[in-house]
Amino acid sequence: MTAACSADARLEAAPLPDVPREIAAIEALLSAGDHAGAGPRLAAALVQWPGEVRLHFLSGEFLAATGRTAEAEAVYAATVERFPANAWAPVRLVRQQLANGDAARARETFARLVWGDEPAEPALPLLTQLTTATTNAGEREAFLNGLMRGTAADRFVIVKLAALAFRRHDKREASRLFDRAAALGPLPAESAVLQLELLVVEARFDEALALSQAMLARYPNRADLMRKAVQAAFFANRSEDLVRLLQAAIERWPDDWFMLFRYNRSAAPLDIDRALCQRLAEREAAMAADERWSFQFAVAALRLQDTARALKILDRLDRTGPVAHMAEPLRKAFAARPASAWTNPRGVSNDPAADVQVVRADDARAILVVFAGVQNGFSYLPFSHADVLFAPHPMHVVYLRDRRNRSFQTGVAGLGADEAATVAGLRRLQAELGGLPMMTTGSSVGGVAATRYGTLSGAAAVISFAAPVHLRDDATHEEAPVSRTNYRGAMLTALAGNDDRLLDVIAAAPATRIHQCYGTGYAPDVATAELMRPLGNVDLVPVEGCADHFVLEHMIADGSFDALIGRVFAEIAGG
């Protein structure tokens, strides 16, 4: 036998690599960007195993990666013809058509080859991608309506139509479509999350809680569903459910900063709150590099009057980092006074159950009523710390919270059964405190309450820090992420049952002077100020250098807060 014959015999005897190993080797070369090595090996594999669909997929990937996108599309089209039972082949073709910039043809291919009475699993994320591939609302709706088959699978299309209705601010149509989709079968997790947002916006809190708990049973590892459950339980006033959910959430996801955000905007009983914060304290060192988590933990520490810990965190946060627009104004506000000044000598409580607290002053010549905001305090300052700002002035201070969790839309439980009874309760309290002139204050949503109750109760003055005056403005541009929608504004409108502008309430109370403070660099608050400018009883207080919503903290930092309080006090109390 010749040497050449021996070599041929050895080659014939050598075992061929199996398909999985060869595919894995080619995938590794493509992942490493070694196209020169992947090309020949892929070509040889296709000759050896022409019936292996994964090799044809890799061929399309190789062509696309080397800039031959039209050839890649042709390969995927041929693969569809050759392997008609493979659900991924048409999906690959549609994705390549999208990548080639031909969204119209991709939608046509999807409708013809991918979507059906029982769409395969890979069809659902592709449906989302195709729906968002155009900004033309008409094209999107025509595409979606063309997919309707009169089967249970229609629910996946209907929830997309519901999302479009939500984005164009047609919440009634969105709600109708979600209900229609849900009647056809269980919804995908992402659709259910959007439905949860809608239920909260519509103030259907019990339904939101039930849906979030049902979704958690299906997807127990979804932290976002737990966050929505916490939010829904809070607004539904389901205290036991809220405590149970918060305890489970903080125990399971103590490192989730957004979970801390929800925790800070809830209202657990004070003893539960302390225990939850202690659990979070165990993670403080490990989470020090996470600025969002650290800021939310600082907010919790302030509420529990662990001021030194909170200030230490604020001092170390990046001055230009992801939470700087919130943390920096707060840090500077605290820096305006010595750390030793931020005590609580008058014993003001941060217990959310303490909805009416009256702090009397022997030499009082006026009454100040402070309405809590979404953090249950005075912007980011808990009432225990806000009292430091008010204690030097000769006035009684009344601190109000809404235990009904409606941002005062339905009154203060400790003063009355509803808004009208609460207004009467404020007048009664004013009489009990000697009939002294009254002013009200609050920040953001707390400023809305301060303005509304101040004008309705005949207060001499209102000091509002960036309160919106028209809650109906509850959404942003259609293409903005749903998460940026002003849900609280929309929710409050739904709770009130009307879209009344606060402007009308202000105009109807000319004897009440409104001092509206706003940052000149923050467009939404500037727009609100311009709406208020024509009113004769409004004093606009622009704050230069403030480009965020936290004008209160800016004014504490630069000293203008003390000056404004002193000026308004002198105007209503005399001297």
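A: Asp 255 is partly exposed, with a relative accessible area of 31%. What follows describes a predicted model. The partner of Asp 255 is Arg 283, and their side chains meet in a salt bridge with an N to O distance of 2.8 Å. Arg 283 lies in the loop between helix H17 (270-281) and helix H18 (291-303), whereas Asp 255 lies in the loop between H15 and helix H16 (257-264), so this pair ties together parts that are 28 residues apart in sequence. Arg 283 also counts as partly exposed, because its relative accessibility is 25% and burial would require a value under 20%. In general terms, side chains of opposite charge can pair when their charged atoms come close.

Asp 273 belongs to helix H17 and Arg 303 to helix H18, so here the parts tied together are 30 residues apart in sequence. In this pair both ends fall under the 20% limit for burial: Asp 273 is buried because its relative accessible area is 4%, and Arg 303 is likewise buried, at 12%. Elsewhere, salt bridges that share partners join Asp 179, Glu 202, Arg 204 and Glu 207 into one network. The structure holds 35 salt bridges.

On the H14 side the contact is made by Met 226, Ala 229, Val 230, Ala 233 and Phe 234, which meet Asp 241, Leu 242, Leu 245, Leu 246, Ala 248 and Ala 249 of H15. By class, these residues divide into 10 nonpolar, no polar and 1 charged.

The axes of H4 (residues 53-65) and H5 (residues 69-82) come within 7 Å and cross at roughly 165 degrees, which makes H4 roughly antiparallel to H5. This crossing, too, is left-handed. H4 contributes Val 53, His 56, Phe 57, Ser 59, Gly 60, Glu 61, Leu 63 and Ala 64, and H5 contributes Thr 69, Glu 71, Ala 72, Val 75, Tyr 76, Thr 79 and Arg 82. The residues of this contact divide into 7 nonpolar, 5 polar and 3 charged. Glu 71, one of the H5 residues in that contact, also forms a salt bridge with Arg 68, the closest N and O atoms being 3.2 Å apart. Arg 68 counts as partly exposed at 37% relative accessibility, and Glu 71 counts as partly exposed at 39%.

Two buried positions in other helices complete the local picture. Ala 327 is placed in helix H20, residues 324-335, and is buried with a relative accessible area of 4%. Leaving aside residues up to four places away in sequence, Ala 327 touches Phe 295, Leu 314 and Leu 317. Ser 191, in helix H12 (residues 189-201), is buried at 10% relative accessible area; with that sequence exclusion applied, Ser 191 touches Val 159 and Phe 178.

As for the whole chain, its secondary structure comes to 28 helices and 7 strands, and its C-alpha trace spans about 120 × 50 × 45 Å along the principal axes. Of its 575 residues, 54% are buried. Among contacts with a separation of 6 or more, 65% are between residues 24 or more positions apart.

How values were computed: Residues numbered from 1 in each chain as written. Predicted model: local features only at pLDDT ≥ 70, side-chain atom pairs only at ≥ 80, totals over all residues. Heavy atoms only, no water. Contact = heavy atoms within 4.5 Å. Helix = DSSP H or I, 4+ residues; strand = E, 2+ residues; numbered from the N terminus. Nonpolar A, V, L, I, M, F, W, Y, C, P; charged D, E, K, R; others polar. Salt bridge = Lys/Arg side-chain N within 4 Å of Asp/Glu carboxyl O. Buried < 20%, exposed > 50% of the residue type's maximum accessible area, 1.4 Å probe, protein only. Axes fitted to C-alpha atoms, helices over the stretch in contact; angles between N-to-C directions. Parallel < 35°, antiparallel > 145°, perpendicular 65-115°, else oblique. Left-handed = near helix turned anticlockwise from the far one by under 90°.
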